[in-house]
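Please guide me through reading salt bridges and strand pairing in a structural model. I would like the general idea, followed by the case at hand.

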Amino acid sequence: MDILKQYYTTVFAQEFSPCGKYLAAGNNYGKIAVFNISSFFIGDDTIQLEESRHPMYKFTAHNSSIYALASTDKFLISGGIGNICGWSWNDIKKKEAKVLWKFTITQGESLTKPEVNSMIINPKNGQMLLYAGCGDNKIYVWDLEHGSLLRTFEGHTDYIQCVTLSSTGQECLSGSEDGSVRLWDARKNGKAAQCVEPYKYENLHRPRFGKWIGCVALDNNDDWMVCGGGPTLCVWHVRSLSPATPLYTPDATNSVAIFHDDVIISGGSQPYVCHWSFGGEIKAEIPTSASGIYSIAVCAKSNQKVLSAGGTSHKIDVSTNFMYRDFSLIFS
C-alpha cells in the first residue's frame, strides 16, 4: 500500500530550515518529510549515495493534505485543512516531532473546513506575525509569540491561493480563485487598498483556463509584481498596477512564481521549471519528474545554493546551479 501511495503522492509545499541544512516537504497524505541537505554533497560538487536522497525523518502532521509550510528560527509551521500546527525544528532534528501549538480556523457556515493554502511570516517591528490565506476567502494574521489572532482581511469572494508580503512588511498581497490580486495594509484591518483583475486585460485573459490566480510574488525592491494562473503569467509595475511584460506559456497554467536575482522562476501544469528574463524571454526550461509543479523553494544559506521543485510526483527535483536538474529526492 505504501508503494502504491508513493505513486499518487503530490508535494504541495516545501520549506528550508533557517540554518539551510534541512528541507521539509508536505504532501497530500498529511505527511512531512525532512531531508538533510548537508548530506547531499561530499565535496563541492559530488553528490552522495542514494541513501541520502530519502528522508532522514518523516512524520504525520495532519489528517489530510498539507498545502502550505512556513518557518521561523524556532518553528516549522504546517497548514492543512482547518488548522495550522507549529513544530520545533530542534525536535525535528532529533526525530521527535510533536505539535507544540495549533491554530484552528472556524468553519463558520461552510459545509467544509477551510484549507490553508498559503502562509508567510512577517518578522518586522518586533513581532513575529503569520499571514495565512485560506479557502474561506479570508486572510488571518496571528501573533506567534502570544498565540493570538490579530486581524482578518476580508474581501475576496473565492478561495485565496497565495499570499506574499512586501520587503517592509507593511503591505500584503493575495491572489484568489475570484480572479483578483488584492493589496492590503498589513498593519490594520480594513478593505483592500487596491485590487487588480488580470483576466480583464485582453492580452492576459485566457477563457480556456479561467480567471483564477495561483501565484503572486514581489521583487526585493517592491517595484515589480508577478502573478498568474488562468490568466497569462505577467510582470506588473507595482506603483501603477499596470501590466508590463507578459510571460507566455500558451498551453500551461501557473501555480508558483518567484523572483530570484535577475530572473523570474515559475512552474505550473507542465513538467518544467521555467526561468524568465524581465523582458519576457525564457532563459531555461528545466525538465522535472512531476507532470505539474506546485512548489519551488530556494536556499542560499548552505555551502551550496539549492533550488527544489515539487508537484505531482513522489520525487522532489534538486538543482544546484538552477539551470539543470542534478538529482531527485524521494518522498518515501
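The dialogue below takes up salt bridges and then strand pairing in this predicted model.

Q: How many salt bridges does the structure hold?
A: A salt bridge is read from a side-chain nitrogen of Lys or Arg within 4 Å of a carboxyl oxygen of Asp or Glu. The structure holds six of them. Among them, Glu 197 and Lys 200 meet at 2.7 Å, N to O, and Asp 185 and Arg 187 at 3.0 Å.

Q: Is Asp 178, which forms a salt bridge with Arg 182, buried or exposed?
A: Buried means under 20% relative accessible area. Asp 178 has 7% and is therefore buried; Arg 182, at 17%, also counts as buried. The closest N and O atoms of this pair are 3.9 Å apart.

Q: Which strands pair with E18?
A: In a regular strand the side chains alternate between the two faces of the sheet. Strand E17 (residues 213-218) runs antiparallel to E18 and is joined to it by five bridges, with Ala 217 opposite Val 226. Strand E19 (residues 233-237) pairs with E18 in the antiparallel sense over four bridges; there, Trp 224 has His 237 as its bridge partner.

Q: How many residues lie between the strands of each hairpin?
A: Five residues lie between E17 and E18, and Asp 222 in that turn has a positive phi of about 60 degrees. Three residues lie between E18 and E19.

Q: Why is E18 largely enclosed by the rest of the structure?
A: Strand E18 (residues 224-229) is described in this way because five of its six residues are buried.

Technical notes
Residues are numbered from 1 along each chain as its sequence is written. This is a predicted model: local features need pLDDT of at least 70, side-chain atom pairs count only at pLDDT 80 or more; totals for chains, interfaces and linings use all residues. Side-chain values use heavy atoms; hydrogens and water are left out. Buried means under 20% relative accessible area, exposed over 50%, partly exposed in between (1.4 Å probe, protein chains only). Helices (H or I, at least four residues) and strands (E, at least two) are DSSP runs, numbered from the N terminus. Two strands pair if DSSP finds at least two bridges between them.
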